[in-house]
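Open the model in your viewer and keep the sequence panel at hand. Each stop below tells you what to select and what is there.

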Amino acid sequence: MALAAPAAQPSGPPLAAPPRETTASWPLADRVGYWLCWATGVGLCLIAGSIVLVMFVKGVSSLRLSLFVQSPAPSLHQSQAGGFLDPIVGTLIVTAIGIAIAAPMGVALATWLSEYRRPAWLARAVESAIEMIAGVPSVVLAIFGLLLFAHGFFGFLSQSASNGTVTGQSFLVAGVIMALLAVPLVAGATGEALAQLPARTREASYALGKTRATTIRRVLLPSILPGIASGVVLGMGRIIGDTAIITILLGATLKNEPVGELPILGTLRGTGSTLTSYVYNNSPAGEGNAPQKAYAAAFVLLMIVLALNALVTRLTGPRARRTDTRPRIWRLLPAGWASWSR
Amino acid sequence: MPAAAPQYPSTQAAVRTDRRAEHMLGALAVGVLLLIALMLVTVAINAWPSFSANGLSWFGSGGNLVTQFEAMHTNIPLQGHELLYFRAWPLIWGTLLSTVLAVASALVISTLAAIFLTEFAPLSVRRVLEPVIRLLAGVPSVIYGLIGILVIAPWINDHLISNPRKHSVIYVVQLNGADLMTATLILTVMILPIMVAISAGALAAVPSSWREGSAALGVNRWRTIWRVSLRAARPAIAAGVVLATARALGEAIMLAMVSGGSPFAANPLDGLTFLFEPVQPLAATIIKEFGGDTSGAVAHTVYAIAAVLLFSAALLSFAGWAVKQPLKRYGIGV
């Protein structure tokens with residue numbers, strides 16, 4: 001009644017991949033379900049396609065080369081409002097600070113969790129803590145950062161007014177909190193890569209009389225570099241794409257405004273904006289309301305994100321996949337992705 | 001599990017280095033725990049003034065939120081009330097509405113998509129669909145918001161909201177397309193990827209012998225998926241729902257852009273118009289109202305909202321752990 005000719009298979013494939021089956025014999029309700037599945041699959045492709053198409057058409061039509069080299073300027077007319085040089089620089093600075101903190105921290109946490117793990121209760125608690133950081137909305141992380149860094153003790157990280165109050169808004173502060181956003185991703189990817197290393201890798205090193213610390217530094221970490229790299233790239237994607245932390249902790253000002261005289265440190269202690277906050281401020285929801293600029297900046301942002309996406313695919317690509325022991329479908333998303341809940 | 005520790009290390013110094021490395025890494029791990037504790041305590045302490053001024057009615061409804069925020073911004077208390085007077089119900093209602101509607105629709109769509117991906121999609125289609133899902137997961141929320149407010153909201157305003165409908169509520173609220181429906185639509189797309197990924201992973205991990213057993217009984221493929229695979233994957237789907245809820249709850253920027261931006265409690269009694277009424281969820285309110293001042297009345301109210309979100313996130317994190325427990329019994333990890 002149901003399966004079409006499953007019997008005449010002398011030494012065919014296992015039944016898990018049954019011979020091609022038509023839906024003709026199915027009851028109507030089942031066939032409706034089958035077609036609904038196809039519809040959602042095609043629908044998802046259409047949604048993604050139209051997002052890219054809209055951004056591409058609107059973005060390219062409003063993108064000018066001059067936008068990349070001009071600073072934003074206050075103006076009622078879109079044509080005189082300058083470009084997004086400062087936001088691009090801001091994005092670079094925030095990402096650099098965030099990753100510089102998150103990468104070592106995430107790798108260290110994952111290494112401890114996977115290689116030392118003593119005492120066990122502490123390891124379990126730390127795992128839930130990392131999971132919780134991944135689950136806290138970024139806007140709440142931003143508020144936490146503000147409460148923490150607006151204390152006089154951390155005044156050196158941002159601007160302090162003459163009466164002693166600290167703004168708690170600067171590139172340094174935003175970068176530090178952005179790191180929290182990326183740590184779960186780096187730790188997740190590193191942890192999964194470590195878990196997939198065959199036991200013989202470690203055993204060979206121990207058999208040579210190497211300690212765990214040496215094994216980690218000389219054997220384990222070098223052999224999971226692609227895994228770590230994909231975690232780092234994912235983390236960069238999260239940092240580049242976040243807006244809430246920027247609007248609250250970086251001020252989302254028109255230009256990057258340095259504090260004091262020192263050239264580099266002054267910028268780091270000052271407020272500024274990134275591409276995301278530039279898009280937000282220039283959208284009808286923000287103050288600027290210059291949709292052309294918003295589209296252009298959003299297009300650049302989307303291209304960066306797509307490039308990072310492609311990089312992750314490459315890092316976890318065919319070569320890396322040979323060592324990836326997860327079932328094929330798990331590779332739908334890069335290692336560690338599932339720990340990302342936002 | 002790590003392999004057994006080395007029994008005969010080469011030198012004493014190496015052992016000492018090893019121990020020092022363990023302690024340093026362990027200290028970092030403890031630091032993460034302390035950070036979480038610090039976060040909970042700091043946010044709770046700073047949120048306290050708003051909670052203590054309003055009591056439990058903080059969560060209730062009463063008065064107009066617009067005037068309440070205006071009073072706090074201008075430092076002039078509303079007549080007969082404290083400066084910190086605040087009733088968050090419209091915001092909580094907006095959060096509940098957008099989250100529940102988006103998660104419910106994403107649950108249906110993601111389940112179908114996951115079945116399609118694991119069972120029906122030919123290899124060529126799957127090769128397209130996998131990057132598509134990754135792309136949808138990677139698009140920053142501000143871009144979703146931009147598309148929502150510049151493309152979808154105007155379209156809904158022009159084509160779906162008729163003039164009589166606008167006039168029917170004109171004395172209460174203005175309908176302009178930035179509304180509950182737009183917010184829910186985009187939120188659904190944003191939380192889909194994580195739900196699809198988790199459901200598809202669990203469906204693929206269902207032991208093939210279970211499905212074969214069902215097929216051997218003459219059950220067709222669809223019913224096998226529906227009755228065996230999907231049922232076995234239920235805890236994973238629940239875990240996906242929890243993660244997606246956490247994400248929907250915390251989404252601030254996109255919702256601040258498209259949900260209409262007035263703290264209005266959309267009223268289901270308005271019939272279909274309900275879908276076109278603006279909402280303002282909690283997280284979006286933080287973005288809208290916070291102005292850089294760190295100690296005023298607005299700031300304390302914003303901290304209180306953040307505390308509610310943080311508490312919900314912690315609860316969801318625990319719920320996520322709880323729903324994953326049955327999975328361990330099946331041996332299907334998430």
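Which residue takes a positive phi just after α2(A)? Select A:Arg117: its phi is about 55°. Keep in mind throughout that this is a predicted model.

**Stop 1**

Now select α2(A) itself, residues 85-116 of chain A. The helix has 32 residues. From first C-alpha to last it reaches 46 Å, close to the 46 Å expected at 1.5 Å a residue. Colour by burial and α2(A) comes out mostly covered, with 23 of its 32 residues buried.

Step on past A:Arg117, the residue with the positive phi. The peptide bond from A:Arg118 to A:Pro119 is cis, and its omega is near -10°. A:Pro119 sits in the loop that joins α2 to α3 (120-135) of chain A.

**Stop 2: α1(A) against α12(A)**

Select residues 28-62 of chain A for helix α1, then residues 291-315 for helix α12. The two helices pack at an angle of about 115°, and their axes are 8 Å apart. The crossing is left-handed.

Show the side chains at the contact. From α1(A), pick A:Met55, A:Lys58, A:Gly59, A:Val60 and A:Ser62. From α12(A), pick A:Gln292, A:Tyr295, A:Ala296, A:Ala298, A:Phe299 and A:Leu302. By class, this contact has 7 nonpolar residues, 3 polar and 1 charged.

**Stop 3: where chain A meets chain B**

Keep α1(A) selected and bring chain B into view. Here 93 residues of chain A are in contact with 97 residues of chain B. Which helix gives the largest share of chain A's side? That is α1(A), with 15 residues. The side of chain A that touches chain B divides into 61 nonpolar, 22 polar and 10 charged residues.

**Stop 4: two positive phi values in loops**

Go to A:Ala252, in the loop between α9 (244-249) and α10 (263-269) of chain A. This residue is not a glycine, yet its phi is positive, about 50°. Is A:Ala252 buried or exposed? A:Ala252 counts as buried because it has 24 C-beta neighbours inside 10 Å, and the cut-off for buried is 20 or more.

Switch to chain B and select B:Asn75. Its loop runs between α2 (65-74) and α3 (89-120) of chain B. Phi of B:Asn75 is positive too, near 65°. B:Asn75 has 10 other C-beta atoms within 10 Å, so it is exposed; the cut-off for exposed is 12 or fewer.

Key: Residues are numbered from 1 along each chain as its sequence is written. Chains are lettered from A and ligands numbered from 1 in the order in which they are written. This is a predicted model: local features need pLDDT of at least 70, side-chain atom pairs count only at pLDDT 80 or more; totals for chains, interfaces and linings use all residues. Axes are lines fitted to C-alpha atoms, for helices over the stretch in contact, and angles run from 0 to 180 degrees between N-to-C directions. Helices (H or I, at least four residues) and strands (E, at least two) are DSSP runs, numbered from the N terminus. A crossing is left-handed if the near helix is turned anticlockwise from the far one by less than a right angle, and right-handed if clockwise. Two residues are in contact if their C-beta atoms, placed from the backbone, lie within 7 Å. Ala, Val, Leu, Ile, Met, Phe, Trp, Tyr, Cys and Pro count as nonpolar, Asp, Glu, Lys and Arg as charged, and the others, Gly among them, as polar. The expected span of a helix is 1.5 Å times one less than its number of residues.
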